[in-house]
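Me: Got a model open here and want to talk through some of its helices. Can you take my questions as they come?

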Amino acid sequence: MVRIAVCGMVSCLMLGPAFAQRQGIPELTQEQADSRTVLGVTNEYLAAGAEALRLKEYDEGIRLTKLGLERPTAPRDRAAALSNLCAAHAAKNEPDTAIQYCTESIGINDANWHAYSNRAYAYYLKKMFDEADVDLDKALALNPSARQMPQIRGMMNERRLRGRVTTEEHQ
């Protein structure tokens, strides 16, 4: 009986810190299925901002990401954070602000397909379909298996067709 109690206490002491860690902060190697970029925990504000954006808490994600960008950050993480800001502003239907953040992100890391995909969506919101097509092509060239690119292209094609369909009355 004593042995069971001791084993239970040891288990609690060993596993307690693991369970107490904040859940939901993704690991650096975890691949995301959406357009947000996941950062490691080297900058806790950027990681918390990415998590808030994943939960669609855009204002909080923007606030935390901006706080994280005030700290010294590796260029790759800075580019990812700017891409996250782009995604958040696009989700809030603020395409002009989104485009600025994505363009800044691409200026730092032109191999980040997330930034191209996010900017394509922002261009879509502004009905700038030619620019969106260019960014989607670049994003697909960088990551051909990204799931959201065909979805964005489909939305653009649908919107383009909507303006061209005419109805006629026949007598």
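Me: How many residues has H3, and how far does H3 reach from its first C-alpha to its last?
Reply: This is a predicted model, to be clear. H3 has twelve residues and spans 16 Å between its end C-alphas, close to the 16 Å expected at 1.5 Å a residue.

Me: Which residues of H3 are buried?
Reply: Gly61, Ile62, Leu64, Thr65, Gly68 and Leu69.

Me: And what covers them?
Reply: The cover includes helix H2 (44–54) and H4.

Me: OK, H4 then. At what angle do H3 and H4 pack?
Reply: About 155 degrees, with the axes 10 Å apart. Residues 58–69 form H3 and residues 75–91 form H4. The cut-off for roughly antiparallel is over 145 degrees, so H3 is roughly antiparallel to H4.

Me: Is that crossing left-handed or right-handed?
Reply: H3 passes H4 in a left-handed crossing.

Me: Which residues meet there?
Reply: From H3, Tyr58, Ile62, Thr65, Lys66 and Leu69. From H4, Arg78, Ala81, Leu82, Leu85, Ala88, His89 and Ala91. By class, the contact of H3 with H4 has eight nonpolar, two polar and two charged residues.

Me: How many residues of H4 are buried?
Reply: 13 of its 17, so H4 is largely enclosed by the rest of the structure. H4 reaches 24 Å from first C-alpha to last, close to the 24 Å expected at 1.5 Å a residue.

Me: What comes just after H4?
Reply: Asparagine 93, which takes a positive phi of about 60 degrees. Helix H5 covers residues 95–108.

Me: How do the axes of H4 and H5 cross?
Reply: At roughly 160 degrees, coming within 8 Å. That makes H4 roughly antiparallel to H5. The crossing of H4 and H5 is left-handed.

Me: What does H4 bring to the contact with H5?
Reply: Pro75, Arg78, Ala79, Leu82, Ser83, Leu85, Cys86, His89 and Ala90. They meet Thr97, Ala98, Tyr101, Cys102, Glu104, Ser105 and Ile108 in H5. The contact of H4 with H5 divides into ten nonpolar, four polar and two charged residues.

Me: Zooming out. How many helices and strands in the protein chain?
Reply: Eight helices and zero strands.

Me: What share of the chain is buried?
Reply: Buried residues make up 39% of the 171 residues.

Me: And what share of the contacts with a separation of 6 or more comes from residues 24 or more positions apart?
Reply: 52% in the protein chain.

Conventions. Residues numbered from 1 in each chain as written. Predicted model: local features only at pLDDT ≥ 70, side-chain atom pairs only at ≥ 80, totals over all residues. Heavy atoms only, no water. Axes fitted to C-alpha atoms, helices over the stretch in contact; angles between N-to-C directions. Helix = DSSP H or I, 4+ residues; strand = E, 2+ residues; numbered from the N terminus. Parallel < 35°, antiparallel > 145°, perpendicular 65-115°, else oblique. Left-handed = near helix turned anticlockwise from the far one by under 90°. Contact = heavy atoms within 4.5 Å. Nonpolar A, V, L, I, M, F, W, Y, C, P; charged D, E, K, R; others polar. Expected span 1.5 Å × (residues − 1). Buried < 20%, exposed > 50% of the residue type's maximum accessible area, 1.4 Å probe, protein only.
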